[in-house]
Amino acid sequence: MKLFIGFDIQHSDIRLLLAAKGAAAQSARLHFISRIFTDAFFQEATRLLDDFFEGIPSARHQPAFVVLPSAAVGLETFNLPNMSRARAQVALDTELKNLYEDRLKTKKINRFLLVQNKDYSIYGAIYFDKTLVSRIYKMLTDVKMIPRLTTYAGNALLDSALGMSARLRGKSFLFADVQKGNTVITLCSKGKTMGTTNLPHGYDILSETDVFSEYMITDHVAAEIAVINAREAARAKALTQAGADTYAEEPAQTQAAEVAKSETTEDPDDEDFSEEGGLKAVEEGDAPAAEQEKVKSSKNKIYRKIPKRYPKFMTREVPQTPEGVLYENFRILLKWMLLYARQAETAEYLSKPEFIVVNLPPKYSHLTEQANEEQKQCGGLLLRPFVPAEKLPEQVRENLDLYGCTYAKHYNANHNY
């Protein structure tokens with residue numbers, strides 16, 4: 001029995017997978033409320049793990065494999081002129097020191113050669129936070145587990161694909177693991193992990209009744225608040241500058257009247273960023289009944305998200321069948337897969353993806369066939385279902401980015417701690 005432990009930042013969950021060859025697998029999610037990887041988090045996580053293992057005492061004293069969120073690991077590339085290996089190592093160390101200065105002391109850096117031609121070489125570097133890994137290992141030791149290896153979600157996902165399918169080894173492709181609440185996408189170039197990302201949507205958006213708007217279901221709050229603050233600051237600055245030019249020449253009554261007018265007059269353009277969506281200031285009459293009192297009593301503006309408006313030529317008719325609605329929602333995920341595949345074609349150190357491998361629950365497998373019909377018409381990349389996952393227990397199939405640690409020593413070892 002092996003323990004695979006991961007961290008879901010989006011939903012504030014510790015993910016656990018207990019699995020062994022030829023035995024049934026168990027998976028669990030332990031919800032935490034502390035800010036991840038803080039002192040409070042490690043105290044809370046230790047308690048949660050202790051409680052979990054009290055119910056499964058036989059799982060203690062087993063090997064534990066840690067899968068960090070991909071956002072907790074750094075990936076970097078460096079272009080250096082061709083030189084001897086020793087000089088290249090010195091030059092690479094110098095580049096790292098210039099970029100990160102004293103911060104390198106807390107980092108473990110794995111360096112490796114990516115591409116070499118007649119003129120220059122491209123090196124890759126993977127950064128792990130040594131302090132973070134040490135604290136996780138101590139936490140696992142405290143709950144009587146034996147830490148063995150650390151990697152990150154994107155790399156473990158690709159390792160699982162390479163370990164389970166010999167046909168994928170040495171190929172260049174995009175692997176998309178569509179989970180319930182998110183989608184992990186990893187780029188593979190000739191069998192090597194070259195990049196990863198996480199989409200905030202998974203198969204939970206594959207509805208047969210409602211066509212979702214990607215803008216409305218995606219959280220842009222931080223960016224939209226930044227825009228609000230910038231517009232308010234610009235407006236206040238414009239009023240200040242305009243007042244400074246005339247303030248000394250105007251009578252006191254006129255100055256007071258202008259100030260009062262500026263405080264009570266609302267600029268219509270300031271309430272709605274554009275006709276393409278955004279946060280719109282809610283008036284008392286426009287707010288839903290449940291929010292009327294809140295809007296009426298609030299001294300500040302209350303903003304509500306409104307949908308984007310597209311020109312007619314950019315829109316498609318809403319599907320009328322459940323199958324059509326389902327596929328329309330799948331196109332949200334498909335769009336990002338194709339965008340990342342196209343982006344890979346522009347990087348000089350990456351091989352052009354040959355296809356896209358998609359891991360979906362079996363009941364959605366027909367969506368790849370529908371997507372391929374469209375892709376054939378435009379000469380785009382074809383999608384392939386991840387067939388080996390069909391033979392796996394459900395707990396393993398939904399946690400491929402954890403189970404991939406099983407193969408971590410055999411593939412992409414440079415991406416391990």
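Visitor: Which strand do 5 bridges join to β9?
Guide: In this predicted model, β9 is joined by 5 bridges to strand β14 (residues 355–359), and the two run parallel. Strands pair if DSSP finds at least two bridges between them. A strand is a DSSP run of E with at least two residues, a helix a run of H or I with at least four, and both are numbered from the N terminus.

Visitor: Which residue of β14 is the bridge partner of Phe175?
Guide: The partner of Phe175 in β14 is Val357.

Visitor: And how does β9 pair with β10?
Guide: β9 and strand β10 (residues 183–189) pair in the antiparallel sense, over 6 bridges. The bridge partner of Ala176 in β10 is Ile185. Together β9 and β10 form a hairpin, with 4 residues between them.

Visitor: Are the faces of β9 covered or open?
Guide: Both faces are covered: Phe173, Phe175 and Asp177 are buried on one side, and Leu174, Ala176 and Val178 on the other. Buried means under 20% relative accessible area, exposed means over 50%, and partly exposed lies in between (1.4 Å probe, protein chains only).

Visitor: How are the numbers and values set up?
Guide: Residues are numbered from 1 along each chain as its sequence is written, and side-chain values use heavy atoms, with hydrogens and water left out. As the model is predicted, local features need pLDDT of at least 70 and side-chain atom pairs count only at pLDDT 80 or more, while totals for chains, interfaces and linings use all residues.

Visitor: New topic: where is Thr197, and what does its side chain make a polar contact with?
Guide: Thr197 is in strand β11 (residues 192–199), and is buried, with a relative accessible area of 18%. Its side chain makes a polar contact with the side chain of Tyr340 (3.3 Å). A polar contact is a pair of N or O atoms within 3.5 Å; within protein, one must be able to donate a hydrogen and the other to accept it, and residues adjacent in sequence count only if both atoms are side-chain atoms.

Visitor: How many disulfides does a search of the whole structure find?
Guide: The search finds 0 disulfides, a disulfide being a pair of cysteine sulfur atoms within 2.5 Å.

Visitor: Is Cys188 buried or exposed? What about Cys378?
Guide: Cys188 is buried, with a relative accessible area of 0%, whereas Cys378 is exposed, at 56%.
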